[in-house]
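Welcome, and thanks for taking a look at this one with us. Below is a short tour of how the chains meet, followed by a few local details to look up as you go.

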Amino acid sequence: MSLVSGPGRGGQFQGQLPNELNLVIEKHVEYIQDLGTRQDELEYWLTEHLRLNGVYWGLTALHLLGRPDGLPRDATIDFVLSCQHENGGFGAAPGHDPHMLYTVSAIQILATVHALDALEADGRGGKEKVVQYIAGLQSHSTGSFAGDEWGEYDTRFLYGAFNALSLLRSLHAVDVAKAVSHIEACANFDGGYGISPGAESHSGQIFTCVGALAIAGRLDLVDKDRLGAWLSERQLSDGGLNGRPEKLEDVCYSWWVLSSLSMINRLHWIDGEKLTKFILNCQDQEKGGIADRPGDAVDVFHTHFGIAGLSLLGFPGLKPIDAV
Amino acid sequence: MSTHGVPRVSGEPPKSEQDRAKEARKIREYKSLIDAVQNDDLTNETLTLTSRLLTWNPEYYSIWNVRRRIVCHLLKEMTTSTQAEGPSTYRSDTSTEALSDLISNDLKFQLPLLRKFPKCYWIWNYRLWLLEGPSGTLPKTNQQRLWEQELSLAGKMLSLDSRNFNGWGYRRKVIAALERLSNGSDDHEQWLTESEFEYTTKMINTNLSNFSAWHNRSVLIPRLLNERRADRQARKKMLEEELELLQRALWAGDNDSSLWFYHQNLMCTFDPQYAARSMAPDLSHHERQTYVKAEIEKVHEMLEGAEDCKWIYQSLIQLNMLHKNLSGDTCHAIGQIIQWVETLNKIDPLRSGRWNDLLQKLRPQ
Ligand SMILES: [Zn+2]
């Protein structure tokens, strides 16, 4: 039970876009299901460090596509548990070191398949052990979170911690107020947030900061009109969104911008129809999967973010997604 | 972390038997290298194996951790072997040299990887860990030399890609480390804010459309003024210089969003809601009003011949709203503002939801 996260095998791209744009749901389902069968490719092994994220991206995409049974549930749970370490944290795959990013993916997967009790199985230490691992990564002085024992701090990890802890109903295990004040310190005059205090605003970091504030119930701290304006300026003439001023548009940034706009109730500040077209144009119509931009190689990461974006835009036939 | 900018290969021919055998061989080679690295021997030999594996795949974060554990172990060995020689709290010359070599070889090993994978977080993280952790036990002058090399590395990375997010972040961390080192002991404080400020000027002169440089500038200026113990006049002087620099840039590129975001940033100086964190927090109400008025005139002038530039209208709207708030004049220019918003609705239809919201707010109920 493990999906390859590298570039997909490509289908035809004529350099020209089909007039009728459809979401090729069945193709995407097959593409995702096929990812686990590619062990004869070097790429499969070279992306092992993304395995658990890959499962989360694939699984979520399948759920949104209305195929919650698209991956075998028991094998998924077994694989997640095989990534857990003694200290409660999860690695990207068996034998990979524990890290916040994969611990969050693990909890998200288990929550998606309603299997959080699997953590309580013999000798695992239950959810309490995972909560302790996450809480242990918070800095007492800044309130920020490290990715692992080696101590790299990033607002991505803060959001991850909040996300996993709220799924485990254990947000109280960390100093929420201190973490919130750290996010405030990362705010810029343009309404956005950077990776650390003083860093430039960046859509990915904005998503993590706004997401964490949403979980903490502190969206009142967001300068919504200003942030909304900055985020809406990410949309370029082809409908796609970029991550920072004067950068290229990309499906993954489209999701981070879109979900941030949704959290501050300003989803209508961009042209949803044009963004929908942009995402559909990034599909591999023949073999399934979605790329960063039209004509590029697909991967499960962009497939997930593309489908998630379409879902948030209310695309017919997709299950609704929670922006946080 | 994922695939970006890799063209989709269309109609790939099926792999030949030979290609498949070759790929299978590569996979075996890769997997046996992983097995060899995870042998629990914290030795120089294993360190070399991790180098081979990370050159192949620098995203394999657990292998960077193996490397960390080996470096820590070797470091401990050096310390204990030195202590055996005699009771001293300082490292002997030989031990310093050995550690120095270990660290500088490791830093050198990463250089080609950084060039090839400039966006790989794990390499940057490992590098910082090495410099902040293990190298922290070296004499101060050695540490300083290492960090200075890093500053020129950050400069090189940014000259290759002037918007590299990791590059700018790394640069800020290097500067902080250098300042920490020089301000640790004596009371003569030394900051690098001035030279960093000059660096952003240099970057902007190379390419006006560098939002990262403008952003860094906005963070540096308040610090710089505090370090200079700038009074009101000096702050106003700096503010006026920035306004002028930006004005010149805007005339050159009125469609450049980076410049308009910096403009918005500078205008915060006149907005009571934001002014406290700005470069001139103590302007009087009257001064703020005067500046805003002058700015409205300057931006308005730009409109001629650039009637399709959405940024000018957006700026005019924001400035006039600010002026309205400062002057307390509720009906000031409201009709004109509404007209500008309606123009935006036409020339910037992607964001019509935003313009309609604004219209609703502006129009009397
Ligand atoms: Zn992307």
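Predicted model: local features only at pLDDT ≥ 70, side-chain atom pairs only at ≥ 80, totals over all residues.

**The interface of chain A and chain B**

- On the chain A side 72 residues are in contact with chain B, and 61 residues of chain B take part in return.
- About 5900 Å² is buried between the two chains, and carbon and sulfur atoms give 52% of that area.
- Polar contacts link 39 residue pairs across this interface, counting pairs with both residues at pLDDT 80 or more.
- In chain A, the elements α2 (42-46), α10 (224-232), β2 (298-299) and α13 (300-312) each supply at least two residues of the side that touches chain B.
- Of these, α10(A) gives the largest share, 5 residues.
- Sorted by class, the side of chain A that touches chain B holds 25 nonpolar, 21 polar and 26 charged residues.

**The zinc ion**

- Which residues coordinate the zinc ion? They are Asp250(A), through two OD entries, Cys252(A) through SG, His302(A) through NE2 and His4(B) through NE2, at 2.0 to 2.4 Å.
- Asp250(A) belongs to the loop between α10 and α11 (251-263) of chain A, while His4(B) belongs to the segment before α1 (17-37) of chain B, so this pair joins two chains.
- Asp250(A) counts as buried because its relative accessibility is 4%, under the 20% cut-off.
- His4(B), by contrast, is partly exposed, with a relative accessible area of 39%.

**Salt bridges**

- Over all chains the count is 31 salt bridges, and between chain A and chain B it is 7.
- One salt bridge pairs the side chains of Asp97(A) and Arg69(B), at 3.2 Å from N to O.
- Another brings together Arg163(B) and Glu200(A), also with an N to O distance of 3.2 Å.
- Arg163(B) lies in the loop between α6 (140-160) and α7 (165-182) of chain B, and Glu200(A) in the loop between α8 (176-185) and α9 (203-216) of chain A, so this pair too joins two chains.
- Are Arg163(B) and Glu200(A) buried or exposed? Both are buried.
- Within chain A, the side chains of Arg38(A) and Glu41(A) meet in a salt bridge at 3.1 Å, N to O. Arg38(A) is buried at 3% relative accessible area, and Glu41(A) is buried at 7%.
- Within chain B, Arg351(B) and Asp348(B) form a salt bridge at 2.9 Å, N to O, and both residues are buried.
- Salt bridges with shared partners tie Glu233(A), Lys310(B), Asp348(B), Arg351(B) and Arg354(B) into one network.

**Positive phi angles**

- Most residues other than glycine have a negative phi.
- Asn265(A), although not a glycine, has a positive phi of about 60°. This residue is exposed, with a relative accessible area of 60%.
- Arg229(B) has a positive phi as well, near 50°.
- Where is Arg229(B) found? Arg229(B) is in the loop between α9 (211-227) and α10 (232-252) of chain B, and it is exposed, with a relative accessible area of 74%.

Terms used: Residues numbered from 1 in each chain as written. Chains lettered and ligands numbered in written order. Heavy atoms only, no water. Contact = heavy atoms within 4.5 Å. Buried area = accessible area lost by both parts, 1.4 Å probe. Salt bridge = Lys/Arg side-chain N within 4 Å of Asp/Glu carboxyl O. Polar contact = N/O pair within 3.5 Å; in protein donor to acceptor, adjacent residues only side chain to side chain. Helix = DSSP H or I, 4+ residues; strand = E, 2+ residues; numbered from the N terminus. Nonpolar A, V, L, I, M, F, W, Y, C, P; charged D, E, K, R; others polar. Donors = N, O, S within 2.8 Å, 3.2 Å for Na, K, Ca; no water. Buried < 20%, exposed > 50% of the residue type's maximum accessible area, 1.4 Å probe, protein only.
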